[in-house]
Amino acid sequence: MAQQAVGDSGKKLRVTASLPPPFGACRADLFDAAQAPAIARPLVDGQAPYADLWLAGTQSSTAEVRTLHALAPHDRPFWATFTLDDEHPAKPPRLHSGESIADAVATVIDLGADALLFNCSHPEIMADAIVVACAALDAAGSTLRLGVYANAFCAHDAGEAALPANNGLDDIRTDLSPAAYLALAQTWRDSETLPK
């Protein structure tokens, strides 16, 4: 249906295949490398005939991204999207696995991916992630594309026990109007041009 919609539009658009974390978002502790291919393979096979690029989205660890990259056909672009640990914020930000942004950058470069993105995390943490990622990319001599798409979920109370993956819906923040989100997005863009 997506490919048909692209054809009907008359525009040059690409259809992105979504590869979610096999064991639930933001739960690197649940990742099982031995079982992940069996879970992800039907998603890859089902989308392969229609996809123009692969998006491994909301990944909590470099191991998740490596597993999905190994399964996806390498004849089209691969974008890796990491979620940041905003429940236990650190400076600089880290992945939910505890890995650093530099680890994520190194992994994506090693895989030959076409873009590195951060998503499904509080918007306030994104600028710091971009600054660290830019520094790591500069150090590696890479011009890899960077991107951000934050969520608008309310923060959980400190000490709140982790919920099972994808268990229920989070409340939405009321302070993130379109104008407020735009202002944050401008800080993310500006973070890419700050002196390193």
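Reader: In what sense do strand 4 (residues 115–119) and strand 5 pair, and over how many bridges?
Author: In this predicted model, strand 4 and strand 5 pair in the parallel sense. Within that pairing, Ala115 stands opposite Arg145 in strand 5. Strands of a sheet pair through backbone hydrogen bonds, either parallel or antiparallel. For strand 4 and strand 5 the sense is parallel, and the number of bridges is five.

Reader: Which strands stand at the edges of the sheet?
Author: The sheet is open and has five strands in the order 1-2-3-4-5, with parallel pairing. Each edge strand has a single partner strand, so one side of each is left without a neighbour in the sheet. From one strand to the next, the twist averages 20 degrees. The strands at the edges are strand 1 (16–19) and strand 5 (145–149).

Reader: Which residue of strand 2 does Ala17 stand opposite?
Author: Strand 1 and strand 2 pair in the parallel sense, and their pairing runs over four bridges. Within this pair of strands, the residue opposite Ala17 is Trp54.

Reader: Which residues of strand 1 lie on its covered face, and which on its uncovered one?
Author: In a regular strand the side chains alternate between the two faces of the sheet. In strand 1, the uncovered face has Thr16 and Ser18. The covered face has Ala17 and Leu19.

Reader: Which strands does helix 3 touch where it packs on the sheet?
Author: Helix 3 (residues 62–71) packs on the sheet, and its direction makes about 155 degrees with that of strand 3. The strands touched by helix 3 are strand 1, strand 2 (53–59) and strand 3 (78–83).

Reader: Are helix 3 and helix 4 roughly parallel or oblique to each other?
Author: Helix 3 and helix 4 (residues 101–111) pack at an angle of about 15 degrees, with their axes 10 Å apart. Their crossing is right-handed, and the contact is made by Thr62, Val65, Arg66 and His69 of helix 3 together with Asp103, Ala104, Thr107, Asp110 and Leu111 of helix 4. The residues of this contact divide into three nonpolar, three polar and three charged. Because of the angle between them, helix 3 and helix 4 count as roughly parallel.

Reader: How many nonpolar, polar and charged residues does the contact of helix 4 with helix 5 have?
Author: Helix 4 and helix 5 (residues 123–140) pack at an angle of about 50 degrees, with their axes 9 Å apart, and they are therefore oblique to each other. The crossing of helix 4 and helix 5 is right-handed. On the helix 4 side the contact has Ile101, Ala102, Val105 and Ile109, which meet Ala129, Val132, Ala133, Ala136, Leu137 and Ala140 in helix 5. By class, the contact has no charged, no polar and 10 nonpolar residues.

Reader: Which residues of helix 5 and helix 6 make the contact between these two helices?
Author: Helix 5 and helix 6 (residues 178–191) pack at an angle of about 10 degrees, with their axes 8 Å apart, and they are therefore roughly parallel to each other. The contact is made by Pro123, Met126, Ala127, Ile130, Val131 and Cys134 of helix 5 and by Leu184, Thr187, Trp188 and Ser191 of helix 6. By class, the residues of this contact come to eight nonpolar, two polar and no charged.

Reader: Where is Cys26 found, and what is its relative accessible area?
Author: Most residues other than glycine have a negative phi, and most peptide bonds are trans. The phi of Cys26, however, is near 65 degrees, a positive value in a residue other than glycine. Cys26 is found in the loop between strand 1 and helix 2 (36–47), and Cys26 is partly exposed, with a relative accessible area of 27%.

Reader: Does Thr58 count as buried or exposed?
Author: Thr58 is found in strand 2, and its phi is near 55 degrees, a positive value in a residue other than glycine. The cut-off for a buried residue is a relative accessible area under 20%. At 14% relative accessibility, Thr58 therefore counts as buried.

Reader: What pattern does the protein follow along the sequence?
Author: The secondary structure comes to six helices and five strands, and of the 196 residues of the protein, 41% count as buried. Among contacts between residues at least 6 apart in sequence, 71% join residues at least 24 apart. Read along the sequence, the pattern is α-β-α-β-α-β-α-β-α-β-α.

Technical notes:
Residues numbered from 1 in each chain as written. Predicted model: local features only at pLDDT ≥ 70, side-chain atom pairs only at ≥ 80, totals over all residues. Heavy atoms only, no water. Axes fitted to C-alpha atoms, helices over the stretch in contact; angles between N-to-C directions. Parallel < 35°, antiparallel > 145°, perpendicular 65-115°, else oblique. Left-handed = near helix turned anticlockwise from the far one by under 90°. Contact = heavy atoms within 4.5 Å. Nonpolar A, V, L, I, M, F, W, Y, C, P; charged D, E, K, R; others polar. Pairing = 2+ DSSP bridges. Buried < 20%, exposed > 50% of the residue type's maximum accessible area, 1.4 Å probe, protein only.
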